[in-house]
Amino acid sequence: MAWTKYQLFLAGLMLTTGSINTLSAKWADTFRAPGCNSDPDHAFSHPFVQAVGMFLGEFSCLAVFYILLCHDRRSPEPQMNAGQNFNPFLFFPPAMCDMLATSTMYIALSMTSASSFQMLRGAVIIFTGLLSVAFLGRRLIASQWLGILTTILGLVIVGLADFLSGHKDDSHKLSDVITGDLLIILAQVIVSVQMVLEEKFVYRHDVHPLRAVGIEGFFGFIVLSLLLIPMYFIYVGEFSDNPRQVLEDALDAFCQIGHRPLILLALLGNTVSIAFFNFAGISVTKEISATTRMVLDSLRTLVIWVVSLALGWEQFHGLQVLGFLVLLVGTALYNGLHRPLLARIPCCAGLAGGEEESGAGERERLLGDGSVQAPDES
């Protein structure tokens, strides 16, 4: 069935804003500007300030939710389900996981390329699958286990490509690239814990996805904004790139923005894009399908990669192509995209039907609310 203009708009919006989200964060990392107290030019390296902006974007989803709810209630036949009453503090533990994972990923993004950053985030299905078995009592079918193993292979290939290209890349030291890649993998472990917490304690309350994202954004924005105060005094030495070598120097970030207003544009691009990306992703799942959302998220990686190459932010490496394709196959296997192909083969139609039935609940959980695509949030 052909897509409507509105469906095409939603798909384009998701792909565009999802790509802008990562690219704008990486763009901010490329700036150099003077800081406070006549500090010389230095790199804009403020991952926690960027994370605050991201949570502000997620928080704005709450406003979008109430706007849509008011509009729906004014219609002759309201269709939007506001969900049942619940304690908002149920979202506090997953919001703290989101805060830790997002901050870690922004640190990692300053150390490695935008394309590797996006590709390595595919590791989330490995840890989500394993944790769902251990703590939620789920049973993964054979194709999902194969998808996890394929994803591990893809991650190894992408990591090897980063290792080899690190010797030729002047923008990042090899040690930084390796550390950045490991931090991204570590962040996916935290994201998986967030997903398990959401499934076990939150989603049984039938909370609208936009409302869930907004509440988590609220907690993340408030807590991380307050944490910027002690971070200003925590000395971390060479681990930090700011002049005072503290964990985060928010004042230095504001001074750099004052000297280079384009940095503010990059930060606003990150904040606004995450809000539209969450809205578009949820709408794509509702109006088209969860599978389409997963495919668009994979295409987002390709767009980020192509744009990064065009802007000269990274160099082409053939192994990355192979790694991306292997990761794509792993994600497709885990999410059951191979089943329509098997169903067309007479000898495999029964196998596809059996897998479809046993894996339906898992796919609904991982794709129905879009959880497997981590917020830019992830």
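**Disulfide, salt bridges and surface of the predicted model**

The structure holds 1 disulfide. The model described here is predicted, and the disulfide in question joins C36 to C255, with an S to S distance of 1.9 Å. The link of C36 and C255 is right-handed, with 95° about the S-S bond. Distant parts of the chain are connected by this pair: C36 is in the loop between β1 (32-33) and β2 (42-43), C255 is in helix α9 (residues 250-259), and the two are 219 residues apart. C36 counts as buried because its relative accessibility, 17%, is under 20%. C255, at 22% relative accessibility, counts as partly exposed. Two further cysteines may be described: C70 is partly exposed, with a relative accessible area of 46%, whereas C97 counts as buried at 14%.

The protein as a whole has 14 helices and 2 strands. Of its 378 residues, 53% are buried. The accessible surface comes to about 17300 Å², and carbon and sulfur atoms account for 68% of that area. Helix α3 (residues 92-109) has 18 residues and reaches 25 Å from its first C-alpha to its last, close to the 26 Å expected at 1.5 Å a residue. This helix is mostly covered, as 15 of its 18 residues are buried.

Helix α9, which contains C255, also contains Q256. Q256 is buried, with a relative accessible area of 0%. In sequence Q256 and R32 are 224 residues apart, yet in space they are 8.0 Å apart, C-alpha to C-alpha. When neighbours within four places in sequence are left aside, Q256 is in contact with A33, P34, G35, H42, A43, F44, H46 and I263.

Charged side chains were examined next. Side chains of opposite charge can pair when their charged atoms come close. The count comes to 3 salt bridges. One of them is formed by R138 with E199, the closest N and O atoms being 2.2 Å apart. R138 lies in the loop between α5 (124-136) and α6, and E199 lies in helix α7, so this pair ties together parts that are 61 residues apart in sequence. R138 counts as partly exposed at 23% relative accessibility, and E199 is partly exposed with a relative accessible area of 21%.

Another salt bridge brings together the side chains of R244 and D249, at 3.6 Å from N to O. R244 is partly exposed, at 34% relative accessibility, whereas D249 is buried, at 4%. A salt bridge is also formed by R300 with D297, with the closest N and O atoms 2.9 Å apart. Both R300 and D297 lie in helix α11, 3 residues apart, about one turn of the helix. An α-helix has 3.6 residues a turn, so residues three or four places apart point the same way. R300 counts as buried at 2% relative accessibility, and D297 counts as buried at 11%.

F163 is placed in helix α6.

H317 lies in the loop between α11 (290-310) and α12 (318-334). With a relative accessible area of 15%, H317 is buried.

Terms used:
Residues numbered from 1 in each chain as written. Predicted model: local features only at pLDDT ≥ 70, side-chain atom pairs only at ≥ 80, totals over all residues. Heavy atoms only, no water. Helix = DSSP H or I, 4+ residues; strand = E, 2+ residues; numbered from the N terminus. Buried < 20%, exposed > 50% of the residue type's maximum accessible area, 1.4 Å probe, protein only. Areas by Shrake-Rupley, 256 points an atom, 1.4 Å probe, with all protein chains shown as cover. Disulfide = S-S within 2.5 Å. Expected span 1.5 Å × (residues − 1). Contact = heavy atoms within 4.5 Å. Salt bridge = Lys/Arg side-chain N within 4 Å of Asp/Glu carboxyl O.
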